[in-house]
Amino acid sequence: MDDKKINITVDGREISADKGQMLIEVTDKNDIYIPRFCYHKKLTVAANCRMCLVDVEKAPKPLPACSTPVMDGMVVRTQSKLAIDAQKSVMEFLLINHPLDCPICDQGGECELQDLAMGYGSDVSRYQERKRVVVDKNIGPLIQTDLTRCIHCTRCVRFGEEIAGLRELGATGRGENMEIGTYIEKSVTSELSGNVIDLCPVGALTSKPFRYSARTWELVQRNTVAPHDSVGSNIHLHVKGDTVKRVVPAENEAINETWISDRDRFSYEAINCDDRLHYPMVKVDGVWQQVEWQEALDFIQKELGAIIDDDPSQLGALVSPSLTLEELYLSQKLLRGLGSNNIDCRLKQIDFSEQVSTPLFPWLGQSIVDFEENQAVFLIGSNVRKDQPIINHRLRKAVVNGASVMVLNPVDYDFNFSLHCKSIVAPNDMVSELASVLRAAVKLSNKNIDSSIKKLITGVSIGETHKEIAQQLFNSENTIILLGNLSTTHPQFTLLRTLAGVISKLTRSKLGYLSESVNTSGGWLAGALPHRLAGGADCSKIGLNSSEIIAKKLKAYLLVSVEPELDCWDTNAAHQAMKNADLVIMFSAFQSKSVKDYANVLLPIATYAENSGAYINNEGVTQRFSNAVPPQCEALPAWKALKNTANCLGVDGFNYESSDVIYDEVINIIDEIKRDNYQDWSTNVTSLPKVRGLQRITETPMNMIDPLTRRATSLQNTRDVSDGSIHINTSLANKNKLSEVDMALVYQAEKEVQMTVEIDDRVPDNCVLIQSSHPSQIELGGAFGSIKIKRSKA
Amino acid sequence: MAETILSKKTCKEIDLWLKKYPKDQKQSAVLAALREVQHENKGYLTTELMDAVADYLGMSKIAVYEVASFYSMFETKPVGRNSVSVCTNISCMLMGSDEIVKHVENKLGIKTGESTKDGKFFLKCEEECLAACCGGPMMMINHKYYENLTLNKVDEILDNLD
Ligand code: SF4
Ligand code: FES
Ligand code: FES
């Protein structure tokens, strides 16, 4: 027998346990129930509620199971008179100050205190004195506080310290005057903040958007996958009738553990927003008409048919990487069936050079759990904390275990762990910085590199930071280099990737891509690309990429869940292309004024909650889900809408009865999801970019990434949205005599826009940071590049 | 940031305390730091000062608020410059502290927990035994102990403060 194993007896049952485990872990594992409030398996033990008291033989008094380590031969009774009496007394104490307002409490029905009071509470209170009252605090748009109900378990406080990495809630005062709160009036800002709603065992912290909208026992729980970041967190949708009322995490140790980001939790609000598109619509002589599906399809057949007959390459499709695998597959099948290869799901990318030699899909480089084991991580162009919050959480765990995280970023983002070192430079200088790190890595490893790369990096200087980064990667075990969202969207993405690739080879580090959307992987694997077919096969005739699709001003566009003027790399060019087109067919769950200006047909499709299908996440794991609620009104799942469109246009091979049949077909083609980012690194670039003058940086705030998040009211009231300002640092502001009360004139690509000014010292010198997807900046153009600013007289 | 808000003297004092603790446990100096800061700021702490302490010690701000609001020796609202606390715990109570409190309240025209309008006195609501039981009834004024009090003695002590 393993000498780490010991035996204990609980309620007469012999149980084997690991040495050092806490009693409650052992009983939980063996389905023996011990009541608790403060204990949570993902948090440190506080042992402050005393609800878990049990009777341990030879101990003079009851012991808390959550903080009593098991010992060989221990005999425990969870149901003896001593144990039950102790638990009942604790319950009596807890209820002294609790308001017992269950009938008006949202937690009612799922409240740990209510449940346990049923079992351990007495019918009559012996307490006649006044109960304490705590004034509620406003801690932001997502979390409702009713702090009179708080039982001071401190789960929410420990969550901030240990998981969110950001201590925002605390317990101030003492004794009876102890209160949970932020002390000063302030909103909590953690991107994981909503998890305290689940952690709070009582109704002290509940969901603000959900407040008073349903009782828990009216809700039915359905499983699905969160449709935003590339993690694909597992979630439960809580449904009343046909309405999604709220979202909570579904446990999956390999992916999101027990957590989800606020974006995944609150984006459901958009499902029922006023912007929902409920019926097919067609614009006739400039006037929108609500029509039957068949009429809309006939219209498409007539209008699109004519364009296709003439020249199929005049059709281009922009599809969202948050569509299901089935839908991405059908989109490209439809387009290719019509004779066009102009399809792309890489909407925020501009550098497509060498796309042919890229791997099967931008893989994370390792699995999500592997992050915890990394010793050194080099992030290039990434605000991982906001872009992939769950990966950031794993990364934070690695740092707590001693890993060094190093970053190369165009904005000095706030991390919730300390960075080993960082280099914050203008976008163009990111390339030369990386070249310097590469040169340092060459020196360290003494290995040969391709002559094209060698030529590129000759003469670049090596500073302390470069050396340090190279050394950490070279000397540590289990290291990874990650290219984030800001790398993918960078004008020299290919070069960044190549340099990173060579560094990874020299330092024996893994190379990973943090992809942007929940099904970016699925988009690549399903062939929603101009140069690849499903399964990654090369396309004999390469179509136009997303940037060319826009730049070429085609006659007809097919948009699936994309709002080009907000979602594309060059918003202005995208907007112009749409306005200029003869025919814009849009499959969308939502409508907007802007879209109605340029589109000709609007086809209502389902949101994620109303849809069935599969997502393939960043680590290449396929997750399937079915719909939790039916699509609203006349809306159809996009796969059905695409299928009907194809059939009506006479494209063969679209006789699918369910999304399952499509799934089988595409999975069969994909065969094995080969996870490999290996490339033979070389370059045909001969010199490092040298750009002088002001440069634009564009980031997409976490709650602006797709049509859904942009319409989730509560998320829009957080700080993680676009503010429509230009962000410049103090020195640039002084140089241009700008302050936050001024308006600035911003010029880019011959356009001029007036914008508010935000002094933001995270932005490096000579750069302007703009947050994407804000209506005020659509006219401006490309996400990166030269830009000019000037103080506006007005 | 923190250095501009905290005085040189305060920083020096905090640094002295920091030397006594391991480098990675700077928060150990928080009590000493707050005491010093409060002392320099006419006997109370402001959010700005607590934030500065948090920055200086590399702690989260809320953790400093927690400490400051937990200990009764810290004031987080403006108070009179002379802090008077009459012990009302058991030994002092038996020796007549209730009468002393009443007397002080009448004399100053305020209740415990309040400050006089002229900003001269703060009559603190003392919560615990001040550990001078053998000299009860007793009071503490600005960290100084006065024992075996009588009403006359109290008058004399208070009248001599400025
Ligand atoms: S608010 Fe909830 S989670 Fe936080 S201490 Fe109170 S009861 Fe516990
Ligand atoms: S669960 Fe053990 S003391 Fe709270
Ligand atoms: S009771 Fe007053 S000093 Fe102890």
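Around ligand 1, the shell in this predicted model consists of 11 nonpolar, two polar and one charged residues (Ala, Val, Leu, Ile, Met, Phe, Trp, Tyr, Cys and Pro count as nonpolar, Asp, Glu, Lys and Arg as charged, and the others, Gly among them, as polar). The ligand is surrounded by 14 residues, and A:Cys150, A:Cys153, A:Cys156, A:Cys200 and A:Ala204 are the closest (a residue is near a molecule if its C-beta atom, placed from the backbone, lies within 6 Å of it). Residues are numbered from 1 along each chain as its sequence is written, while chains are lettered from A and ligands numbered from 1 in the order in which they are written. Local features need pLDDT of at least 70 and side-chain atom pairs count only at pLDDT 80 or more, whereas totals for chains, interfaces and linings use all residues.

Turning to chain B, its secondary structure comprises eight helices and five strands (DSSP runs, numbered from the N terminus: H or I of at least four residues for helices, E of at least two for strands). Their order along the sequence is α-α-α-α-α-β-α-α-β-β-β-β-α. The C-alpha atoms of chain B occupy a box of roughly 50 × 35 × 25 Å along the principal axes. Of the 162 residues in chain B, 33% are buried (20 or more other C-beta atoms within 10 Å of the residue's own, with C-beta atoms placed from the backbone).

Where the chains meet, chain B contributes eight residues and chain A 11 residues to the contact (C-beta atoms, placed from the backbone, within 7 Å). Helix α5 (residues 61-70) of chain B supplies the largest share of the chain B side, six residues. By class, that side holds four nonpolar, three polar and one charged residues.

Technical notes:
A residue is buried if 20 or more other C-beta atoms lie within 10 Å of its own, exposed if 12 or fewer, and partly exposed in between; C-beta atoms are placed from the backbone. Two residues are in contact if their C-beta atoms, placed from the backbone, lie within 7 Å.
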